[in-house]
Structure formats: C-alpha cells, structure tokens
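Dear colleague,

I am handing over the structure below, and after it you will find what I found on going through it. Please keep it open beside this message while you read.

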Amino acid sequence: MSSLSDIHDAVAAGNYKDIVELVKKAIDEKATIDEIINKSLSPAMLEVGDKFGSGELYMPDMLLAAKAMKTAMDYIKPLLKGSEHVAEKGVLVIGTVKGDLHDIGKNLVVTMAEGQGFKVVDLGIDVDYSRFVEAIKEHKPDIVAFSGLLTTTLANVPAHIKAIEDAGLRKDVVIAVGGAPVTRHFADMYGIEIYAPDASSAAKEFVKVISKK
Amino acid sequence: MRRGFTRKFEPVRVLTDSQVETIHKRTLEVLSEAGCKFESQRALKLLKESGCKVDFEGHIVYFPPDIVESSIKNCPSSFLVRSRDPKDNLLIGGNTLYFMSSLGARLSNIDTGDVSIPTMQENNQAVFISDALDSIDLYSGYTPYFEIEGVEPVMLCSTSLAMRLRNSTKITRGTQPTDTFIWETQIAKAAGQELIGNMEAAAPLSYPEDAINAAFTYVEAGFPVYIAAGSVMGGTAPVTVAGSTISNNAELLAAVVFIQCIKKGTGIIANDFVTPMNMESGDLFFCSLGASLHQMAFNQIWHDLYKIPTNNTGSAFPYSKKADYQSAYEKTHIAMSSALSGANMIVFHGGVTAELSYNPILAIIDDDIAITIGKTIEGFEVSEETMAVDLIKSVGPVPGTFLNKNHTRTWWKKEYFMPKSADRTSFPEWQRTGKKGVIEKAKERMEEILATHKVKPLSGSQDAEIDCILDEARKYYKAKGLL
C-alpha cells in the first residue's frame, strides 16, 4: 500500500507537516492502526535510530523524525476504539532537578524514550521534590529519571531520592540519572540503578530495565 | 598589581561597523519583544520599579531599549579587584589581558587520560602550583576540581573557595548554586579578599532564582559580577553564529540591566561560553570553529560598542581526553583568536577531557602557551634602537655578523620568550638526556615548584573564621535536607 510507504518516508524525512494527511490517506485506503504503527511509523523510527548510531544522520534529523512520529501518534490515539490500545513499553517520569533550568538533555531523552515506545511524563525543569513524588503516585512509573547539567545542582539529587524514600515509594521505581557532569560513581554513591552519559544510551538502559521485569 | 598582557595594536575585527549596529538593534528588539525570564519576585519588582515592563505571572521582563542603553553606559569600562596581597590585585578592562585558570570535574592522569576523584591534598597542591605560574592571574569558581574526595556536592563550592584562598593570593570567582554565595561572600571577607561574583543564565533567555539571589548578594557585598549565559548553538540558541550572538547578547544585557538596577556603577565582566552542539551526540562541540568566531564577534561588540570587559571560556576545555596534540591545538587556536580580538580574560590553564578533568602538569605546559599568546598581542617595539639601522649599516654584507654585538646581547632577552617546559635541545642532546618531551619537563617543573614556591598564608584567626563559616554552611544545608 503506497500510503504506508509514504508515512514511512515522511517520518524518515522528519516531515511532521504532512504526516497527518498521509495517515488520513492510509486510513481511507483501509490501512489498520496496527499496520500504520507497526509497518510504517515504528520501522521508520528504528531506521532513523540506526542511521544516527552509524553517523549517517544527526541530532536534528532524529528530533524531526521523532516529531513526525509524535504528530502521527497524537492524531492516531483518539481514533482507537474500545479495546484497542497502543502498547507501551513502560512509563517514564522525567524532569530536570530542582534549581536547574537546563533541559536539552532531558528533551533528548524524552524523544529517545518515546521513540522506544515509552509513555513519558515530562515534569519540565526546576522540578521540586514533591512534584516527583506526586507524579510517581499518579502515573506509577517504571522509571524515574533525573536530569541535570550543572554539577552543583546535581547536589539536589540525593534530596530528591530522600523525598521519594520518605513517601515510601523508593522500592516501586527504578531511578536513573544523567547529564554531562554525572558519573557512574555519583550514581553508585546514591544507590541509583541507571546511569547514562547520553540520551541514546539512556533509552537503551530503560529498555533493558523493562525487559528484565 | 598583576601586569597581565597589554594589547598594543588594534584588535582583529570580524564584523563591519554596520553589522555591529544591526546586531545590537536586533538584540534590543529581542529584549523588548521577547523579554527575559527572571524567576524571582524580588527581581521582578526591582526591574518594574526601574522602568521595565513586567509580566509577574509569567515572570517575564520586557526591556525598553533606552533602559538597556543607559544601563550599558553605567557599567565601568575598567575596575580594580583587590587581593589580600596587593601584588595580585587586578585592573580589569581596557587593553589588558588576564588569564584565568581552567578547571575540571576530576583529576586527569597526564599519561593515560584516566580520571580519578582528587583528594583534598591533590586539590590544594593544584591550587598551589597555579599560584606559582606567572601567567595565571585569577581563578574560576570551583577550581580546580568540581569533585573532591570526601566533600559532599552541596559543600563543594564553598570548600573549594576556602582552599583556594588558603593556598593562593590570586583573585577568584564565586559561584551561584544552592545558596553557596552566602558562604563564599563571608569566606572571602574573612580572608580579606574581594571576590568576583557570578550570575549565570539558563539559556534561552532565563535567569533561575539561584543566579538572581547570587547577584543580589555579591553586589550588596560590593563585589563586581561575572555574567554568563553558556548557550548551546542549535540547542538553546540559534545554530548560526549571528543568531546565537544576538540571543547571547540579549541574555547578558538583561543581566547588565538587572545588576545596574541593584547598584549603579557595579563592575561587570561579560563572559562568552557559547558553544555549538555536536550534532553527532548532543554534546557540546568544545574548541570548535563556531565557538572561536562567536567569541571574536562577542569581543568586538562588547569592547567597541558596550565598553564592558569580556572573558572568553572557549579555550578552557579541549575535546581531547589527554594532554596531547589535539588538546594543544584545540586550546591554542581558540585562545589566540580570543586574544587577537580583544578579550580581557581568557580561561585557559589545565583543563582537558571536555570539561571533565584537569591536571596541574597540563597547567604548567599551558603557562608557556599563555605567555606566548600574551606576548603576541603585545607586539614588538619599533624605535630607533630596535630598527637598528646604524647597526645594519655597520655590519654590512657577508662576512658581517650580529651575534657578537651589544645590541644582540641586550635585545634578545627583551624580544624572545623562552618557554620553560618545551624541549629546545639538539637531537643528540635530546637522546643523551633521556628523550624528554614537554610532559616530562613539565613534571620536573612541578617538582621544583612544590619544593621552592611560597604562598603568603592566612592568619590563624582568618583560618579559624573560615572553618566556622564552613560549619555554619553545613548546618544550613543539613537543615535543608541537602546533607
């Protein structure tokens, strides 16, 4: 079906402007939601991810492809009927730690994680301790991820973890930490299960955690 | 007073006057139409009272062009910062170039590139060595290391400052995270030393509460302030040099207005640490061409138009993971372009591994490079004596020689720079004396510094007062659940 191949190409090219029309066209041609997701959107994202990994594509290419995929998924989700659902790999709650306004790294992780099929709850930047706790209670995530760019605001990570412990929720989540100044040693020091130096490896680590469950 | 280096010729200019004017006008447009976020009601009120338009709910300040321009004029084009030892005072601005020590998260092994968390002794030793290096005029904040064994992250900045003041008399910068400025201001006063305060934006166009509170504290203590934005081209700023110049200018001019509102006439050093994003990884593209050009344009605009002293951080962190050829060329090309384009300060010595490590041996090697760069901008003397026309006539053609002339004996020492760590031996001598390269010679120099250098100590009461302040800081952070 040519419309499925057009959707694939649009994601690969980062064409988020035309993707909804292409999805509509595919639906008109009797393509199922499952086919659109599993024969067009997901394979396209996987290919983009592989090409990024091999150096053939770069960050802007990947982000635009993810934008196209998200645009398509945002259109598709309300169309799902009754028992149909988009299978989620897991739930991730993520935010930049209290005191830090940087979010490039966090946004890259969000993109990569969504590309891997995670439902992502993005709390934004300068997130207070209590907001992470509330988000855990509400969304029951598999993974809670703290992002930070400044070595000095990472000093707040232990306080974030303490707030989760005090709420009795520590055992319910796997904690991840990442950002330029973060190290494996830092993660080990505070009992953090996942440390990732960049967005791409973060998403891979998340998938590993889910597959062990 | 520290001499630094004096630029004796016009700086290199990468922009035409018309381009400078256009960039400035479009910067004013961004400030008046997009504004800048200030995450502090206290700051919003102050800026409102000073004539800016403020959206209190969205925390956005819109800056009228006339307020921006009058604030620029209120900044001194040069100012003095006093050390506890007057020989290390700094006169910042004008045509003077100072070098600021670089820093890193951890200690790099000079031979293997492996990193480790430094001990307190290693930290203090690195500061001591920097104190001995002629071309290091001042320190950055949390220098030399972001992490010190046994020091909790939240205590790092204040502890690091205390160690710098104990092991050196050179001026240093304060920092801004997690209320550390409260303690750093007190520690500096206990040591009888002025600090350069710190106010760093979170690009794009935002100032977090920490930065704002830091500015209030440092300005009210009477210290000048180092302002920075550190945007990433293609991430938190436009990917183009021109676009990111405008966004960075807007972020910094917002800080200029704010600081002048706190106290008119406060000295400001404007830093450029705008870096392209490495599109292969999302990382910063350290020591790149884009960073170099950005800094050159920045220096021109802030020197020619705003007359506010500048610092350039682009040369602080090479991408290379080792003290090798790559790290040398990365740092040198960008530091040279900074110096030639008129920077008043350049962050340089000792950093490696893309901001993640530092080594004092590298700082010793960098001392030679910094002096070479500094002397380049001092040019050379053109006078009757140096033109030596009478000598040329008297020596005449072959077999004439200049080697046995008083002029040569006098002037070679003035005009040459002899690097202390570089190898200058003949090949046979190099073989005979152990085939030492620059790293081996820098290691020898380090041992010599450790054996012979002296630092004016703090008094017993100053030391004790600093310890009390650090104890207070611990109690404060413990009460906040951060310790």
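In β5(A), Ile194(A) is the bridge partner of Ala176(A), and this pairing belongs to a set of three bridges that join β4(A) to β5(A), two strands that run parallel. Please bear in mind throughout that the model is a predicted one.

These two strands are part of an open sheet of five strands in chain A, whose order is β2-β1-β3-β4-β5 and whose pairing is parallel. At the edges lie β2 (119-122) and β5 of chain A, each of which pairs on one side only, and from one strand to the next the twist averages 20°. In general, strands of a sheet pair through backbone hydrogen bonds, either parallel or antiparallel.

Two helices of chain A can be described in relation to these strands. Helix α6 (residues 129-139) of chain A lies across β1, β2 and β3 of chain A, and it runs at about 165° to β1(A). Helix α9 of chain A, which covers residues 199-212, has 14 residues and reaches 20 Å from its first C-alpha to its last, close to the 20 Å expected at 1.5 Å a residue.

Which residues of α9(A) are buried? They are Ala199(A), Ala202(A), Ala203(A) and Phe206(A), and, seen down the axis of α9(A), the buried residues fall within an arc of 95°, so they line one face of the helix. The buried residues of α9(A) pack against several elements of chain A, namely β1 (91-96), α5 (104-115), β3 (143-147), β4 (174-178) and β5 (194-196), whereas the face turned away from the buried side carries the exposed residues Lys208(A), Ser211(A) and Lys212(A).

Turning to how the chains meet, 23 residues of chain A are in contact with 23 residues of chain B. On the side of chain A that touches chain B, the elements that give two or more residues are α4 (59-76), α5 and α7 (157-166) of chain A, and by class that side has twelve nonpolar, eight polar and three charged residues.

Finally, in chain B, Asn198(B) has its place in strand β12 (residues 195-200), and Asn198(B) is buried, because 28 other C-beta atoms lie within 10 Å. Leaving aside neighbours within four places in sequence, Asn198(B) is in contact with residues including Gly141(B), Arg173(B), Ala214(B) and Tyr226(B). Asn198(B) and Ile212(B), which are 14 residues apart in sequence, are 9.5 Å apart in space, C-alpha to C-alpha.

Technical notes
Residues are numbered from 1 along each chain as its sequence is written. Chains are lettered from A and ligands numbered from 1 in the order in which they are written. This is a predicted model: local features need pLDDT of at least 70, side-chain atom pairs count only at pLDDT 80 or more; totals for chains, interfaces and linings use all residues. Helices (H or I, at least four residues) and strands (E, at least two) are DSSP runs, numbered from the N terminus. The expected span of a helix is 1.5 Å times one less than its number of residues. A residue is buried if 20 or more other C-beta atoms lie within 10 Å of its own, exposed if 12 or fewer, and partly exposed in between; C-beta atoms are placed from the backbone. The arc is that of the directions from the helix axis to the C-beta atoms. Two residues are in contact if their C-beta atoms, placed from the backbone, lie within 7 Å. Two strands pair if DSSP finds at least two bridges between them. Axes are lines fitted to C-alpha atoms, for helices over the stretch in contact, and angles run from 0 to 180 degrees between N-to-C directions. Ala, Val, Leu, Ile, Met, Phe, Trp, Tyr, Cys and Pro count as nonpolar, Asp, Glu, Lys and Arg as charged, and the others, Gly among them, as polar.
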